[in-house]
2 protein chains.
Amino acid sequence: MRPTLQTVADAVGVSRSTVSNAYGRPDQLSPELRAKILEAARRLGYSGPNPTARSLRRGRAGAIGVLFTPTLSYAFTDPYAVEFLRGLAETAENHRTGLLLVPLGADDEGALTAVREASVDGFCVYCVPGWYRAMGAALARGLPMVNSEYQGDLYVGIDETAATRTVGEHLTGLGHRRFAVIGNYLGTDPATGPTTVPAPEDLPSFVSRERLRGLRDAFAAAGVPWSDVVTVNAATNTREDGAAAAAYALDRDPRPTALLAITDVLALGALAALDERGLRAGADVSVTGFDDVPAAAEAGLTTVRQPAYERGRIAGELLLDPPDDPAKRRVTLDTELMVRASTGPAPA
Amino acid sequence: MRPTLQTVADAVGVSRSTVSNAYGRPDQLSPELRAKILEAARRLGYSGPNPTARSLRRGRAGAIGVLFTPTLSYAFTDPYAVEFLRGLAETAENHRTGLLLVPLGADDEGALTAVREASVDGFCVYCVPGWYRAMGAALARGLPMVNSEYQGDLYVGIDETAATRTVGEHLTGLGHRRFAVIGNYLGTDPATGPTTVPAPEDLPSFVSRERLRGLRDAFAAAGVPWSDVVTVNAATNTREDGAAAAAYALDRDPRPTALLAITDVLALGALAALDERGLRAGADVSVTGFDDVPAAAEAGLTTVRQPAYERGRIAGELLLDPPDDPAKRRVTLDTELMVRASTGPAPA
DNA sequence: CTGAGCTACTGTATCGATTAAGAAAGGGGG
DNA sequence: CCCCCTTTCTTAATCGATACAGTAGCTCAG
């Protein structure tokens, strides 16, 4: 049997509490006794108080839970997510707090129990669609929770609509009028292909909804009705699906003069699709993304920069050291339109 | 006060055990009573059994601890580490197990307590120097542990020495005789700059030791004694320090004809340093890396491919579902020399 | 009519610690 | 010489659940 506090206490001939104090409150006992206890502990192979028992008694887990969909491993394929995690990890580390990556898995049911079984002091939700039942379960835990979408007490995010509006205005300003939008979580069909989005407001995904609203507003201001805009869904946020979605748009007649992707990863796929057809980005067809991941700059992609690292860092700060002032518990970060070579005047 | 099992039990008028069973063993009570209990729970705002208490009683934490140095956030800047994590996360998720990123922090003392306080069922150690006292603490916990360096019961790694030997042989085969090695954790001084490594065997860092041994062997086979090889330390595994370290080597007279970096990230920095000096990689100076991160292929860097994702995946498998056969608990993965444009014949 | 076997619960010990309150011993001031 | 305070350790309650050994009531074979 593994040794416990009691084992050590018996060996030394003191009470359990004294051994506990030897670890947690060195000032509560004489240095000699403490040394004796630690020595006995080592001899017995006791490696310190059981963390779980300590957590239970103390009422804090010492970790915050990170919620990602669709799968945990996906998080590591998305460069934006990785930057976010880096910021979060930095804050957590400064507060000597762990980060528990919660295994939501692909199915909603499993996610539900995963959220309920997570030993954490708070949740940081990243890109989990609001309709997941797991979100309700997380909320029900009654723990502090930062979500960039659901606007709870703690919040850090950007003005998604305003950000994409600048993208739309940039393109209408360049004379573009025939648009295709490549998105994610559009419609109910999770496949890659053309879909119909009657109105952005109806979309269940927060990010898609807000970003498409910005585009629609910009298009409308230039006299382009939303019904003229081609919308294509990408099943997953990968270059492959981005390329496939772009292909649908590019093969239409008349061909759109601008492809607006909802993320950089999709946009990079769109650039590949252009390449494949011998089309020049920024000349024949303009392409835009969102996020400004490192690869975007290299590819000369026009996109919206949002501060991923900063966002993660602040999310952590809000969870671990929330400001007293309620107003300061809701942070909106600035975004910036990065104009690069992938956009240019609409071809005549 | 937050509701507990007892709260719900009292409200419904049943025993605590029955409420517990309603959650954990639905077959132990009638569906009607179960429904009544769950209903009462919802009414009272009880969100299910406390995960920490459950962990304590059950004796398992439902998470594996991930140990990274120097800091947790660093892990997210290293593309190789991210791929490793992706593999690990995938396995963990399949086993419905969480991943606890342990906040080791920069100082050894803090790392020690972080390791002791982690509520986990096992450890996966990635790139933590063996001399860290935290490693001893992790070992002392007596939990399953996968480490690519310390060769314990569970192990997944590569033959580091053989891998770098192929790099060395590749370069000697191209006629190179003047080498500079850019490494990490060489010598005791953590600064970027030239160091002396009398013999690779003396290095405390496992990876550095093994990789340098391979190089030395290859050089020796071509008649180049280790003492003729320039070694430069990079303080951190970043492009910046890689470039700085390369600068020291390139400014020597006679200039080395080949720069061998111990990681791709350092090698990419070295390429930048070449660029800055108007030197052509593969013509004026050959450069090699290690890992084969995505950026290496783009940069045309000759390097050793090691399967990062696979390594993470297997590490998880070993922890969560260890094979009965002890021989199968030690996995050595294959590596492959990827020859690209950054290496070429030694200039005359 | 008895008792074996089943279902549906209850009672109690236990997981491994922390912590507040209490007690014994020693020291110093009045 | 007595009382109070400090230091050092102990006692006992508690954190929130799970698991196993009952037990009551019911059905049904012999």
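## Around DNA strand D

Let's start at DNA strand D: 26 residues surround it, and the closest are Leu29(A), Thr4(B), Ser20(B), Pro49(B) and Asn50(B). Here a residue is near a strand if its C-beta atom, placed from the backbone, lies within 6 Å of it. Helix 2 and helix 4 of chain A, plus helix 2 and helix 4 of chain B, each give two or more residues to this surface. Helices (H or I, at least four residues) and strands (E, at least two) are DSSP runs, numbered from the N terminus.

Sorted by class, the surface near DNA strand D has 9 nonpolar, 10 polar and 7 charged residues. Ala, Val, Leu, Ile, Met, Phe, Trp, Tyr, Cys and Pro count as nonpolar, Asp, Glu, Lys and Arg as charged, and the others, Gly among them, as polar.

A quick word on the model: it is predicted, so local features need pLDDT of at least 70 and side-chain atom pairs count only at pLDDT 80 or more, while totals for chains, interfaces and linings use all residues. Residues are numbered from 1 along each chain as its sequence is written, and chains are lettered from A and ligands numbered from 1 in the order in which they are written.

## Around DNA strand C

Now for DNA strand C, which has 27 residues around it, with Thr4(A), Ser17(A), Ser20(A), Asn50(A) and Thr18(B) coming nearest. Helix 2 (16-24) and helix 4 (51-58) of both chain A and chain B give two or more residues to this surface. Helix 2 of chain A gives the most, with 6 residues. By class, you'll find 9 nonpolar, 11 polar and 7 charged residues near DNA strand C.

## Where the chains meet

Between the two protein chains, 41 residues of chain A are in contact with 41 residues of chain B; contact means that the C-beta atoms, placed from the backbone, lie within 7 Å. Helix 6 of chain A supplies the largest share of chain A's side, 7 residues. That side has 19 nonpolar, 14 polar and 8 charged residues.

Strand 2 of chain A also pairs with strand 2 (residues 98-101) of chain B, in the antiparallel sense over 3 bridges. Strands pair if DSSP finds at least two bridges between them. Leu101(A) has Leu99(B) as its bridge partner.

## How the copies are related

Why do the copies meet through the same surface? Because 98% of the interface residues of chain A are also interface residues in chain B.
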